[in-house]
Amino acid sequence: MKRPFYLVMLLLACLTARAQELKYVVKNNDWDIDSLGTHRVVMTVDSTNAIGAWVNIDWRRNDSNPENKAIFVVDSAADQRVMNVTLTAINRETCQLYFQPVAGHHKYFAYYLPYHVDRKSNYPNAKYLSLTDTASTDWLKSVKFLKNITPARVECIEEINALNSFYPMDVIATSEEVSMLIHNNAGRSYLVFPEDRMHPIQMKHDLPQRWIENGMWGVFNGEARRGENYTYQLGIYPVTKPLEGVKVTFSDLKSATGQVIPASVMSCLNTGGIDYKGAPFTKNVYVDERDVQALWCLVNVPAGTPPGIYEGFATVSARNAESTRIGIAISVDNQVAVNNGVNEPQEQTRLTWLNSTLAQKNDVIKPYTPLVVNGNIISLLGRKVTLDKTGFPEGIQTYFTLEMTSFSPKPKAVILKPIVFVADKATGPETWTPGGIKFTQKEPGTVKWESRNTSADLQMDVKGSLEFDGFAAYTVKITALTDVSLNDLRMEIPFNKDAAKYIIGLNLKGGHRPAAYSWKWDVANKNQDGAWLGDVNAGLQFSLRDEHYGRPLNTNFYLQKPLLLPTSWGNDNKGGIDVSENGNTVLVKNYSGPRSMKKGDTLYYNFNLLITPFHPINTDFQWATRFYHRYANIDTIKATGATVINIHHGTPINPYINYPFIAHDAMKAYIDEAHRKGLKVKIYNTVRELSNSAYETFALRSLGHEIYSPGKGGGYSWLQEHLGDDYIAAWYVPEVKDAAIINSGMSRWHNYYVEGMNWLVQNVGIDGIYLDDVAFDRTTMKRVKRVLTQNGHPGIIDLHSANQYDKSDGFNNSANLYMEHFPYLNRLWFGEYFDYEHNSPDFFLTEVSGIPFGLMGEMLQDGGNPWRGMIYGMTNRMPWSANADPRPIWKVWDDFGMKGTHMIGYWVDSRPVRTNNNYVLATTYQKQKKALVAIASWADSTTSVKLLINWKKLGINPARAVIIAPEVKNFQPARRFKPGDEIPIEKGKGWLLVITERK
């Protein structure tokens, strides 16, 4: 902007106050950042009797529009804001500021990024305060006429702490410096700046001053240890045009004695790697003109490398520009890096984890058993699949008792007829000629097959696979052999009505399946692409996909990255699903509607199946494994009777969300103590968002949208000041100022996650993990379970989910969303926003309890409903909420002796105890000569019931029977009943009754 004449004169008069070189000083959280910001300029005034002091600040800011942002000048001695302040020539590079000093006070602070934020919010959005006029008119007049103006000195810029420091990689080069640099390197279409690993390249749109000071060196010099996962960076800066297809190639590095570090141990993280499924891939790196792109180069130095200086080169190239050779010289010392250096992640030694294939081999995980193929029948734990000649299932059977506590010798059919694809034309359905099944892989963990089916107009290539946990994946490629018009192309699943009592999904809460139902695609608003239909001991989930499927975001962020409508099944929203009954069959028609195909056109009607249950429930684990969900003194926890401690993030030993690698020494000490005292410890660690304290943050950002989702930015101040734009702000913990960033979905970060879990098991001794919703698929879950359970480690995994059935989560059901993970979980905790008071028993059974899938659960919201919970063997979890205290119920379990009981749920037709009211349910926990009966009411009002007892099944002589209600704090008073007595039941409550014989 144009400067007033008097200010120009003022600048000329005070040039001696200009700082030659700014010093940056990291402080130790010395002021309140949520009112003053994280950065301040320290200024000294010698002559404090002046009416005004002037100072030039070369702050080199990386933010935009600094002229619109407030600056607070504070008198250090009085800790008071100075109101007579004005400034000019403010821009990203510099500003001229003058203020009225206080007589006798020499030191002042200029806070230049103050903001307002909701201090308690977990999703804050810092609002930077606007620049306003606070100076008095009289003082401004005095300054205007240059009366009694004195220069001030800039002593330094102070940063609130190291994490918030701008220095050196967020300190910008001036436009003049950049222009001179480009001029001095005329003829080059881009510049390459070698940079060491300890200075991650952060700014995307600016060069750092550090590179101006260091100059254009064509050589990188680094120091590494033998066996170290070493890294360095190449900063790419296009100056004349955007670069397309940027790549890096490496030569061998050779020492003077002829020793070699081969190029085969070198790679560039940004141009390719190994994806989360273990497949190699390459990336197209595009860099806009005058943007900065970091290329992270990995050198996995072999442990046997002799000490010495190893020299060679890295060559940067682009499809549309010249190549640039950078000399590489790495001095390898005699020290051997422990564990390849990964114990020191601050040195970026773990970046190689992004390309890890650890635990990818699909070995069978306990309690599952190897797949057995006999003809066209594939047997797995508690289930059996018979394949039709088309490649689709002809039959699916399960072998579980209705109690879900054991296997049954008698099978239960899930489908009554083969699953078929129907291609309808105006003249009627196409007739498929099946080509038969050809098995392409038979391994204990995976069986694969293929089949080619043809009709007059279409070819259907089917590739199927079944894994040891009951997951089946189908790729169905439809090719038009002629130009053809179809009224519909659909898949029909003929469920056994007895194995389709309940439904979860398709815009329905878990519960009884309606006799008829229709659903349409709505991916913009609904995270829905399939459903689960089943009974307690038999069921099937199906999910409809195509070749472009990508996992959407979930847990508050679905609308920012929703499902893609499958080209095949969705068919421009002509597709949908109809459910109908016909006799003993429940027919699910997955239709795509009318379409035309040209000869040679292809469509992929892919789908996945999950056969449930996965295994019997483990009731003894439920009674014996008692979680304490808070960081606390171990002796205090042990005294509660808890056996497993869950360490949440935001705690002293696990402060940073999903990055438990900073306070790991303290975590290990805590876990070691817990183990000595007989307790296990699990930690919060998942993938959905990632702490800004992660050492690899800027290396991950350099990968574009591979690891972090694109978004509108905002959020807490650190995110805005250091990331700038193109991210989604996630969970924030005010107590530790931990600001997270949303991950993008399926990515190489999952490789890192698996390696990190392995490191935590081996080096910290964790006994498992607590998952707070999940943003990865079953491939990663299997890998995690393998590393957690290696060498006899317990590997306990429990999953918490806030109810996903709402607008921001796309109205998916938590159980339906996470069912692919259920085979590897030990417990569910569903969860916030689950209503335990106004939902039916069927909702509890299907969406909360986990029982139809071989799991058991706990309750969260408002402490749950303890009476209804015990119908499913559930309590709440202490001490997460004020009223969450399961100890009184634990005492009942211990006094009764729950270990070894046979759980017989109200859903079992042959149950020994029921009530005479269909809205008051009873579950029996049976032992020899005694039983604990849980009763809970869903009646509209207080009522009374009688117990209907099959004494023979219960194994108790009714003439000697006694029914005792033990006193349970906050649950029930002590009381005795006789067989046949009316038992009063308050609305929404119930009883725990011990039935036994008099001695």
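The report covers ring pairs, cavities and pockets, selected residues and backbone geometry.

The model is predicted, so local features need pLDDT of at least 70 and side-chain atom pairs count only at pLDDT 80 or more, while totals for chains, interfaces and linings use all residues. Residues are numbered from 1 along each chain as its sequence is written, and side-chain values use heavy atoms, with hydrogens and water left out.

**Aromatic rings**

A pair of aromatic rings is described by the distance of the centres and the angle of the planes. Rings of Phe, Tyr and Trp (its six-membered ring) pair if their centres lie within 6.5 Å; planes under 30 degrees apart count as stacked, over 60 as edge-to-face and the rest as tilted. The count under this rule is 54 aromatic pairs. In one of them, Tyr 659 and Phe 661 have ring centres 5.1 Å apart and planes at 90 degrees, so the pair is edge-to-face. Tyr 659 and Phe 661 are both buried, where buried means under 20% relative accessible area, exposed over 50% and partly exposed in between (1.4 Å probe, protein chains only).

Phe 844 and Tyr 872 form another pair, with centres 5.6 Å apart and planes at 10 degrees, so this one is stacked. The pair links distant parts of the chain, 28 residues apart: Phe 844 is in helix α15 (residues 841-849), and Tyr 872 is in the loop between α16 (866-871) and α17 (887-896). Helices (H or I, at least four residues) and strands (E, at least two) are DSSP runs, numbered from the N terminus. Phe 844 is buried at a relative accessible area of 0%, and Tyr 872 is buried at 0% relative accessibility.

Ring pairs also join Phe 392, Phe 421, Phe 439, Trp 449, Tyr 474, Trp 569, Tyr 605 and Phe 607 into a cluster.

A charge sits over a ring if NZ of Lys or CZ of Arg is within 6 Å of the ring centre and within 35 degrees of the ring normal.

| Charged residue | Ring | Distance from ring centre |
|---|---|---|
| Arg 350 | Phe 661 | 4.6 Å |
| Arg 877 | Trp 829 | 4.1 Å |

**Cavities and pockets**

On a 1 Å grid over the protein atoms alone, a cavity is a set of points where a 1.4 Å probe fits but cannot get out, and a pocket is an open set with protein on both sides within 12 Å along at least five of seven lines; lining residues have an atom within 4 Å of a point. Grid points are joined across faces, edges and corners, and a volume is the space filled by probe spheres set on the points.

There are four cavities of 30 Å³ or more. The largest cavity has a volume of about 50 Å³. Its lining includes Phe 661, Asn 685, Trp 749 and Met 757. The lining of the largest cavity divides into five nonpolar, four polar and no charged residues. For this division, Ala, Val, Leu, Ile, Met, Phe, Trp, Tyr, Cys and Pro count as nonpolar, Asp, Glu, Lys and Arg as charged, and the others, Gly among them, as polar.

The second largest pocket has a volume of about 1,100 Å³. It is lined by 43 residues, of which Lys 204, His 205, Arg 701, Leu 723 and Asp 725 lie nearest its centre. The elements giving two or more residues to this lining are β21 (293-300), α10 (697-701) and α11 (717-722); α11 gives the most, with three residues. The lining of the second largest pocket holds 13 nonpolar, 16 polar and 14 charged residues.

**Polar contacts of buried side chains**

Arg 60, in the loop between β3 (52-57) and β4 (72-75), is buried with a relative accessible area of 12%. A polar atom of the Arg 60 side chain lies 3.0 Å from the backbone oxygen of Ile 172. Gln 804, in the loop between β55 (796-801) and α14 (814-818), is buried at 1%. The side chains of Gln 804 and Asp 773 make a polar contact (3.4 Å). A polar contact is a pair of N or O atoms within 3.5 Å; within protein, one must be able to donate a hydrogen and the other to accept it, and residues adjacent in sequence count only if both atoms are side-chain atoms.

**Backbone geometry**

A cis peptide bond with omega of about 10 degrees joins Lys 366 and Pro 367. Another cis bond runs from Phe 830 to Gly 831, with omega near -15 degrees. Asp 79 is a residue other than glycine with a positive phi, near 50 degrees, and is exposed at a relative accessible area of 63%.
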